[in-house]
Structure formats: structure tokens, C-alpha cells
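These exercises are meant to be worked through with the sequence and the 3D view side by side.

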Amino acid sequence: MPESHPQDGSRTRRILVTHNSIAPSAVELLNRHDVDVFFSPPYDAPEIVAERARDLAVDAIMVRQGKVNDLVIGASPKLKVIVKHGVGIDNIDVASAARRGIPVLRSLNSNSLAVAEHTIALALTLLKEVTWLDPAVKRGEWPKPTFIGRDIAGSVIGLIGFGAIGRETARLAEALGMEVTVHDPMAKPGAIEAAGHTRADRLDDLLAAADIVSLHCPLTQATRHLIDAPRLARMKPTAFLVNTARGGIVDEAALAEALSERRIAGAALDSFASEPPAADSPLWSLPNLVATPHIGGVTNGSARAMAEIAARHIIDVLDGKAPDAASLSSPDAFAA
């Protein structure tokens, strides 16, 4: 925590952040509103986090990394609000919070561009075969005489989900000359077409047509293992899968098999069903997989925005204001 803003318990309200730090500007904002900020290292066991929350008698929890389950939520009798430092709330037991009347809020639109940029970076890495060419050259090989690259312009990127991140990804892809197709049954009528993109009413049609399938939907009951073995089989053998959404949307065992058997050309994952993923995951031996540690939404700008938005949500609720309706998480929609 920033040394210039010691959290000595002198303020009347307290929050616990499930990480070692947040943006100093957010700490300053909270301190100015009579809130002390305490930290719990990322991915600590829920039992440890619960003990800290109980000992500190926290009024709020800002969730960055690790599970916030029923044990954590019930630890402090003073807990009034839980806010995600980001938008994905699959690591929070929203139903448990709802039973206790504790709102769970998301920091909407805080990292959309950052995730979209990472999505495009992963897609280009796959399309241009960077992870194959780089080690080949370093081994002393020179594949130039036989290598034929793939075009970015004219490639079809199929987006599953057209929320804030999906829209930013579409904008960046279109700027590179890609053709954008979107499947999102929740999108407003005409919104996809109004943005100049092709609407795919059937997911299977998008999977069959896309050169890159990119996931931008939340993890819900309806989307868990949305990309399973049958759906992977509908993709072209030359196509790539990119997931910067949530790991549980992809059946990782089915993906490992599809990659191993070259039924799709490759995949890039920034999120996993279990985080950190197991060291012996079958995915790690696959040369056509690119992996990053769920950092797509973490840049200097987005980290500051996520922390400040989350801090404002906490301040509003602790000050007695109604939680922002648009940012509220529904236990039914997000029960995955």
C-alpha cells in the first residue's frame, strides 16, 4: 500500500482489497471519504481472507483476485457492499451476497479498450505465426523460402458477445481491414448492423465462417462450456480461437484435444477455468497454444480506472446512496 497514505485504523470505515495494491489515486479517494484500505495477497485461501475480513470488521470488499465465497462474505457483520475491480464476477458468490442483502457491483467500462487491444494482439500473434517463427529463427533455421503468411485484411473475425469489449474489439479489427461478424442474442435489435457488422443469428454459422473466433460474453449458466467439442468441430481447420473473457466458457479438455489433433489451427487464452491453472495442464505441451495470465484488462490506464470506479461505488453505498443499477450483478444471470 502507498506509504504516503498509512492505513492506521484512524478512519471510521474500512475496506479489504483482495490484492497487494490498487491505484494510489483510488486509495487517496477512499481516504478522503473516511475509508481505510487494507490488503490481502492475491489468491489467498478463502479461510485466510475471511479471517482478515473478520478481524478488521470491514465495511466493504474490493475484489481483484482469488475467490470471495460464502465464508468470506459472512465473515464481517459490518459488510455492506462488494465491488469487483473489473467486470467479471465469476469469482464472487453473488447468490450468497444476495441472501445477505449485500450488493455486488462491477466496474463497468473500466478496461474495455485494454481487453480489446489484448484480443487483437493475440489474434495477430496467431495469424502471423509469431510463436512458431520466433523459436525457429533462434534455433538457427531460416524458413523464409517456404513460408507463406496469412493476410489480416479480409480475415473474418467472429465475435461472440457485443458488449463494451466486443464493440471495442470490432472497431479495432475493422480498422485493420478485418470483416466482423457478431453473434449476441442479447444485443439490441439492429445494433450490430448499425455498427456496420454482419449479424450471425446462429452461433454455428459464425463458427463455420470465422477465421478467428473471439469470446466476449460473461460466464453464466448459459455460457459455461459454450465452446465444447461439437462447437470446436464446427470451426474451420485453419481457424483460431481467442478467449479474453472467462475460462469456463471453453471446455479446456476438448480444446486441448482439438489443438493436439490439429482440428483447429491454434488458440490463445488469457483466462482459464481455474486460476492459476495447473502446472501439468495438457495445454502447456501444445505448440499451437498461446497463453497469457489473465492480464488483458490490466494496463496503467485501465488499472487506475477500475480502482477509481470501484472506489466510487464503495463510497456511494457506504454513504447511504442506492447502488448503481447498471453495475449491479444479478445472482440468477451470473450463477455459473
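**Exercise 1.** Is Arg234 buried, partly exposed or exposed, judged by its relative accessible area?

*Solution.* The model is a predicted one, and the values below are computed from it. Arg234 has a relative accessible area of 38%. Buried means under 20% and exposed means over 50%, so Arg234 is partly exposed at its 38%.

**Exercise 2.** Find the salt-bridge partner of Arg234, and state which parts of the chain the pair ties together.

*Solution.* Start from the side chain of Arg234, which forms a salt bridge with Asp204, the closest N and O atoms being 3.1 Å apart. Because Arg234 lies in helix α10 (residues 229-234) and Asp204 in helix α9 (residues 203-209), the pair ties together parts that are 30 residues apart in sequence.

**Exercise 3.** Describe the salt bridge between Asp211 and Lys236, together with the accessibility of each partner.

*Solution.* Asp211 counts as buried at 13% relative accessibility, while Lys236 counts as partly exposed at 25%. The closest N and O atoms of their salt bridge are 2.8 Å apart. This pair links distant parts of the chain, with Asp211 in the loop between α9 and β9 (212-215) and Lys236 in the loop between α10 and β10, 25 residues apart. As a further step, look for salt bridges that share partners: these join Arg202, Asp204, Asp205, Arg231 and Arg234 into one network.

**Exercise 4.** Locate the two domains of the chain and describe how they meet.

*Solution.* The domain assignment gives domain 1 as 13-109 + 299-319 and domain 2 as 112-291. Their C-alpha centres lie 31 Å apart. Eight residues of domain 1 are in contact with seven residues of domain 2, and the area buried between the domains is about 550 Å², of which carbon and sulfur atoms give 57%. In domain 1, Tyr43, Asp90 and Asn109 lose the most area to domain 2, together 68% of what that side buries.

Now turn to the polar side of the interface. Two residue pairs are in polar contact between domain 1 and domain 2, and the rule finds one salt bridge across their interface. On the side of domain 1 that touches domain 2, the residues divide into two nonpolar, four polar and two charged.

**Exercise 5.** Where does Arg246 lie, and which residue forms a salt bridge with Arg246?

*Solution.* Arg246 lies in the loop between β10 (240-243) and α11 (252-260). With a relative accessible area of 14%, Arg246 is buried. The salt-bridge partner is Asp90, with the closest N and O atoms 2.4 Å apart. Beyond residues up to four places away in sequence, Arg246 touches several others, among them Lys84, Leu219, Ser271 and His294.

Notes
Residues numbered from 1 in each chain as written. Predicted model: local features only at pLDDT ≥ 70, side-chain atom pairs only at ≥ 80, totals over all residues. Heavy atoms only, no water. Helix = DSSP H or I, 4+ residues; strand = E, 2+ residues; numbered from the N terminus. Buried < 20%, exposed > 50% of the residue type's maximum accessible area, 1.4 Å probe, protein only. Contact = heavy atoms within 4.5 Å. Domains from an automatic or database assignment. Buried area = accessible area lost by both parts, 1.4 Å probe. Salt bridge = Lys/Arg side-chain N within 4 Å of Asp/Glu carboxyl O. Polar contact = N/O pair within 3.5 Å; in protein donor to acceptor, adjacent residues only side chain to side chain. Nonpolar A, V, L, I, M, F, W, Y, C, P; charged D, E, K, R; others polar.
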